[in-house]
Amino acid sequence: MKILILSALIVATSYAFASESDVVQVASLTVKERIQSIEEINVTARNPSIDKPANNPRIENILVEARRLEKEISDDRNLRK
Amino acid sequence: MRTFSQDHLLSDTARVFWVTIAIATMLNGCQSHSQLNQYPFFEPHRLTDAEQFSSWWNTLNKHQEQAEALSRCQTKPADCQGKLRSYGHVIKEAKNLNRTEQLELIHHYINGTKYDEDRVTHHYDQESNKKQVNRSSWKTLYDFLLNGGDCEDYATAKYFMLRELGFANSDLRVVVTYSTKLFGYHAVVAVRQPDNSIWLLDSEYPIKKNSHMGYRYVYAMNEQAVWDHRDDFVSPTQQTIGNKQHENTNIERPNSSN
């Protein structure tokens, strides 16, 4: 009986003191390794499908004006040259 | 006793019935398949806080530092060049659009930016041999508008612009996928819509609203967290034994009780 109670006490004590910190440590190691492997992934370089007009005329008008503004500055630069 | 025409009509009706059933089954199958491949926005794949992903965290910090320069381009576009000059115009006009139109506009605007590949970097191994390293670098919105960028930079630029337009951080993620069509890693933006549908902004295609076929999700991030979608991944919180509750990522599952 004494042995049984002693064993139960040992199990309860070790669980109370060890469980959470051990698990967290293992988890944080895994996270570190995972982040490392993520950082090593080279995301594919591909040219996007540009200059497809938007279906919505309102959006297309904004984009046309944006392109005009971008061109305007390059014209300014040409004038400076 | 049935006439010939009644038999004929019956068989035609039966044929139409079975064809309809077959088409409905096929469509249902396709729908289920695409839903199966929907980006798993609501799955508990959270890996860690965003600051643990150093290259991404540095980009977020640099973006904050450049906020003033970006804001200057909005107020004085004439002082800025190229894409930075049109940025203010697009943001201003986008604020008058509805959410769907904003997504369309930002998707098209960023896709129209010039393409610039990642610089190849080198490092030396233990035997001092020079090795080429092809790692992805995450550009800020300012750097992207100034110099262009490659695949992942298109995704991050869209992310930053949508944040500027008031999209909630918890509704947005930059997602790295393995594209089974491109045979390589590819970055897209996942947007959670108010109806809990997920839209993908992929620089290669128009906005993907329903079908997300052709992707294997690898990982994702936003300003809060990093998610690991690889099959073998068990979230640290799933490993934890006991009552410790996982940190809330502010994601509400569809049909969850509030």
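Modeller: Here is a walk from the whole chain to the rings, and then on to their surroundings.

First, some ground rules: this is a predicted model, so local features need pLDDT of at least 70 and side-chain atom pairs count only at pLDDT 80 or more, while totals for chains, interfaces and linings use all residues. Residues are numbered from 1 along each chain as its sequence is written, chains are lettered from A and ligands numbered from 1 in the order in which they are written, and side-chain values use heavy atoms, with hydrogens and water left out.

Let's start with the overall picture. Chain B has eight helices and eight strands; these are DSSP runs numbered from the N terminus, with helices (H or I) of at least four residues and strands (E) of at least two. Of the 258 residues in chain B, 47% are buried. Buried means under 20% relative accessible area, exposed means over 50%, and partly exposed is in between, using a 1.4 Å probe and protein chains only. Take the contacts (heavy atoms within 4.5 Å) in chain B between residues at least 6 apart in sequence: 63% of them join residues at least 24 apart.

Now the rings. A pair of aromatic rings is described by the distance of the centres and the angle of the planes. Here, rings of Phe, Tyr and Trp (its six-membered ring) pair if their centres lie within 6.5 Å; planes under 30 degrees apart are stacked, over 60 edge-to-face, and the rest tilted. The search turns up 12 aromatic pairs over all chains. One of them is Tyr39(B) with Phe41(B): the ring centres are 5.9 Å apart and the planes are at 85 degrees, so this pair is edge-to-face. Tyr39(B) is buried at 2% relative accessibility, and Phe41(B) is buried at 1%. Another pair is Phe144(B) with Tyr154(B), with centres 5.0 Å apart and planes at 75 degrees, so it is edge-to-face as well. Phe144(B) belongs to helix H6 (residues 141-147) and Tyr154(B) to helix H7, so this pair ties together parts of chain B that are 10 residues apart in sequence. Both Phe144(B) and Tyr154(B) are buried.

There is also a cluster: ring pairs link Phe53(B), Trp56(B), Trp138(B), Tyr159(B), Phe160(B) and Tyr219(B). Thr156(B) sits in helix H7 (residues 151-164) and is buried, with a relative accessible area of 0%. Skip its neighbours within four places in sequence, and Thr156(B) contacts Trp56(B), Trp138(B), Lys139(B) and Val174(B). The other is Leu60(B), in helix H2 (residues 54-65), which is buried at 7%.

Asp171(B) is in the loop between H7 and strand S4 (172-179), and it is buried at 13%. Not counting residues up to four places away in sequence, Asp171(B) touches Phe41(B), Arg99(B), Ala190(B), Val191(B) and Arg192(B).

A cavity is a set of points on a 1 Å grid over the protein atoms alone where a 1.4 Å probe fits but cannot get out, and lining residues have an atom within 4 Å of a point. Grid points are joined across faces, edges and corners, and a volume is the space filled by probe spheres set on the points. The structure has three cavities of 30 Å³ or more, and the largest cavity has a volume of about 40 Å³.

Finally, a sulfur link. There is one disulfide over all chains, where a disulfide is a pair of cysteine sulfur atoms within 2.5 Å. Cys73(B) and Cys80(B) form it, with their sulfur atoms 2.0 Å apart. The angle about the S-S bond is -90 degrees, and the link of Cys73(B) and Cys80(B) is left-handed. Cys73(B) is buried at 1% relative accessibility, and Cys80(B) is buried at 9%.

Notes: 1 Å grid on protein atoms, 1.4 Å probe; cavity = no way out; pocket = protein on both sides within 12 Å on 5 of 7 lines; lining within 4 Å.
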